[in-house]
Amino acid sequence: MSLSLDARQRAMLQEMGVTVWAPPPARPLPPPVAAPAQADAEAAIASAAAPTPVLHAQPTPAAPSAPRQPAHAAAPAAPASEPRTAGAAPTGLLLRAPVALYPQADPQAVAPELGAGWLVVLESPTPAEPLAGDSGRLLDNMLRAMRLHRHPRTFVATLNRHAPGLTAEGLEPAAGLQQALQTLRPSLVLVLGLGAARVVLGSREPLGRLRATAHHLPDGTPAVVSYDPAYLLRAPDAKAAAWADLCRALALVRRSTAP
């Protein structure tokens, strides 16, 4: 028979001299033996939780370094550049002498509102033949639309790029333009293209601003800027704006010739 006694009851019986037998305390049971699969899983979890050891690779023997140069040793000198040709002109532009585009036109048939003459300045891919090629044909069409093919004093001065050591025909742009203005006395200078505008006007403004207004050269000759034919071939949508520029040039000459 076993008695379920609490601590108070046991103390009372002990005071009464009654010995109460109690079973020895239970020993802790050994941990259960895990199955092989369970043991492998527990081992994997324990290894994952443990910090990964850092493996130190064996040092690779360094290759023998080249002998160090003394700090005061001078670096090898670079090869000298080729000497420039004596008297060679710097790379840039030359302005060719103006040529008449329509010398066969009848001077008696020139409308008075076309003025005394025109000078067209542009950079042409064929400077010796400004009306050649696709851009030359487009230039011819532009001038014919303005009726300038009926004016024997319609001149063109092309900008010609040259390089050092190469022979090129023409003058420096400033001197060539001044000479052309003094010789031809045109009613207006039509400047086609950004490169020509920067040479004639000496301005670094973008083409849009240069097109927005009429200009006057140092001698007082008016000038109008527009797109060059080569650009219009690449961007035909700009032809309407170019025609507006040409009409502005015609209006300037018409006002200057009005009585």
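Which element gives the largest share of the lining of the largest pocket? In this predicted model, that share, 5 residues, comes from α4, where helices are DSSP runs of H or I with at least four residues, strands are runs of E with at least two, and both are numbered from the N terminus. A pocket is here an open set of points on a 1 Å grid over the protein atoms alone, with protein on both sides within 12 Å along at least five of seven lines, whereas a cavity is a set of points where a 1.4 Å probe fits but cannot get out; lining residues have an atom within 4 Å of a point. The model is a predicted one, in which local features need pLDDT of at least 70 and side-chain atom pairs count only at pLDDT 80 or more, while totals for chains, interfaces and linings use all residues. Residues are numbered from 1 along each chain as its sequence is written, and side-chain values use heavy atoms, with hydrogens and water left out.

The largest pocket has a volume of about 170 Å³, a volume being the space filled by probe spheres set on grid points that are joined across faces, edges and corners. Its lining is made up of A174, L177, Q178, L181, Q182, R185, V200, P218 and D219. By class, these residues divide into 5 nonpolar, 2 polar and 2 charged, with Ala, Val, Leu, Ile, Met, Phe, Trp, Tyr, Cys and Pro taken as nonpolar, Asp, Glu, Lys and Arg as charged, and the others, Gly among them, as polar. One of the lining residues, R185, lies in the loop between α4 (173-184) and β5 (188-192) and has a positive phi of about 50 degrees although it is not a glycine. R185 is exposed, with a relative accessible area of 56%; the cut-offs are under 20% relative accessible area for buried, over 50% for exposed, and in between for partly exposed (1.4 Å probe, protein chains only).

V200, another residue of the pocket lining, belongs to helix α5 (residues 194-201), in which A196, A197 and V200 are buried. Seen down the axis of α5, these buried residues fall within an arc of 100 degrees, so they line one face of the helix; the arc is that of the directions from the helix axis to the C-beta atoms. The helix is followed by G202, whose phi is positive, near 65 degrees. G202 is placed in the loop between α5 and α6 (207-211) and, at 62% relative accessibility, counts as exposed. The C-alpha atoms of G202 and A174 are separated by 9.2 Å, although the two residues are 28 residues apart along the chain. R204 is likewise found in the loop between α5 and α6, where, at 65% relative accessibility, R204 counts as exposed.

The elements that give two or more residues to its lining are β3 (118-123), α3 (133-145) and α7 (229-234), and the largest share, 3 residues, comes from α3. Among the lining residues are L122, E123, L139 and D228, and by class the lining has 6 nonpolar, 3 polar and 2 charged residues.

In soluble globular proteins, nonpolar side chains tend to be buried together. With its neighbours within four places in sequence left aside, W118 is in contact (heavy atoms within 4.5 Å) with residues including M146, L148, F155, L188, A249 and V253.

L148, one of these partners of W118, lies in the loop between α3 and β4 and is buried, with a relative accessible area of 0%. Apart from residues up to four places away in sequence, L148 touches Y102, L114, W118, L143 and T154. Between L148 and L101, which are 47 residues apart in sequence, the C-alpha to C-alpha separation is 9.3 Å. R147 is placed in the loop between α3 and β4 (154-162) and is partly exposed, with a relative accessible area of 34%; its phi is near 70 degrees, a positive value in a residue other than glycine.
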